[in-house]
Amino acid sequence: KLCYAVSRPVDEPLDRVASWLHSDVADVLRDDPTVLGARVLAEAAEGSAMRVGAGPEGTLVCGLVALWVATYQDRTALESFLTAGPPARCEGWLVSESLPQGDPPTPRPPGERSPGLTTVTLLDKRPGLDEGEFYRLWHEVHRITTAEVHPFTLYARNEVVRPVTPEARPLRGIVYESTATVEDTLDPQRFFGAHGDDEVFKANIQRVMSETMAFIDYDTMETVPMHDVVVRALPHTS
């Protein structure tokens, strides 16, 4: 599996990049015979208040292209297309995907935008943290919290194997997490599983923040809600 993050300058019109991702990039992925499965995510304007962090040289992550190919060498044409597009940066990584929470039982048809939002997070390991402790906190402890606190219908945990483009920043993970409705992401009470109970709300925020700050380098983390389109569903392999 490959993940490509595209970033825009702060003053770049968001609509221009989002339209390019969900039309031009989606068309290329749909027509490429080497692509086995793909989804394209583009920054959601309504989720701008939930953005956290910025990338190299002040750029802002505004899209993610996640795709499966038979071999990662089958990427030259797509990388050339992404690099020539309107975003200021294109960074790619080879990743290993885990699905602690899978797609809902009735997936939407390919090409149809998700009715909810998908929050994309690029993360690295907190400096000085032991390697084994990093993975324990991320894969074991926080996995339980994510399932118990947030209303996610999909939690895709992509562990970075290595970068495949020269500009790619050092990362340990690329996570995307979907909700069934826009309100489930944008309403803090719903996002943190409180539904009007202020004590639960405060406790769940504290739980999430204390856990993530223990293993994520918050100085380099980027998080942004996006609109998600499955361009080509990945067929079953077994």
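Mentor: Ground rules before we start: the model is predicted, so local features need pLDDT of at least 70 and side-chain atom pairs count only at pLDDT 80 or more, while totals for chains, interfaces and linings use all residues. Residues are numbered from 1 along each chain as its sequence is written, and side-chain values use heavy atoms, with hydrogens and water left out.

Trainee: How do you know what counts as a helix or a strand in the protein?

Mentor: Both are DSSP runs numbered from the N terminus: helices are H or I with at least four residues, strands are E with at least two. On that basis the protein has six helices and eight strands, in the order β-α-β-β-α-β-β-α-β-β-α-α-α-β from the N terminus.

Trainee: What makes a contact, and how much of the contact set links residues 24 or more positions apart?

Mentor: Heavy atoms within 4.5 Å make a contact. Taking contacts with a separation of 6 or more, 83% are between residues 24 or more positions apart.

Trainee: Why is Trp-20 called buried?

Mentor: Buried means under 20% relative accessible area, exposed over 50%, and partly exposed in between, with a 1.4 Å probe and protein chains only. Trp-20 has 8%, so it goes down as buried. Phe-81 has 28%, so that one is partly exposed.

Trainee: What makes the pair of Trp-20 and Phe-81 stacked?

Mentor: A search of the whole structure turns up eight aromatic pairs. Rings of Phe, Tyr and Trp (its six-membered ring) pair if their centres lie within 6.5 Å; planes under 30 degrees apart are stacked, over 60 edge-to-face, and the rest tilted. For Trp-20 and Phe-81 the centres are 6.1 Å apart and the planes at 15 degrees, so stacked it is. The two come from distant parts of the chain, 61 residues apart: Trp-20 sits in helix H1 (residues 14-31) and Phe-81 in helix H2 (residues 76-83).

Trainee: Then why is the pair of Phe-191 and Phe-192 edge-to-face?

Mentor: Their centres are 5.3 Å apart and their planes at 85 degrees, so the angle puts the pair in the edge-to-face class. Phe-191 is buried at 10%, and so is Phe-192 at 15%. Elsewhere, Phe-134, Tyr-135, Trp-138 and Phe-215 form one aromatic cluster.

Trainee: What makes the phi of Glu-57 worth a remark?

Mentor: Phi of Glu-57 is near 60 degrees, a positive value in a residue other than glycine. Glu-57 lies in the loop between strand E2 (35-43) and strand E3 (60-69), and at 77% it is exposed. His-195, also not a glycine, has a positive phi of about 55 degrees. His-195 is in the loop between helix H5 (188-191) and helix H6 (198-215), and its 61% makes it exposed.
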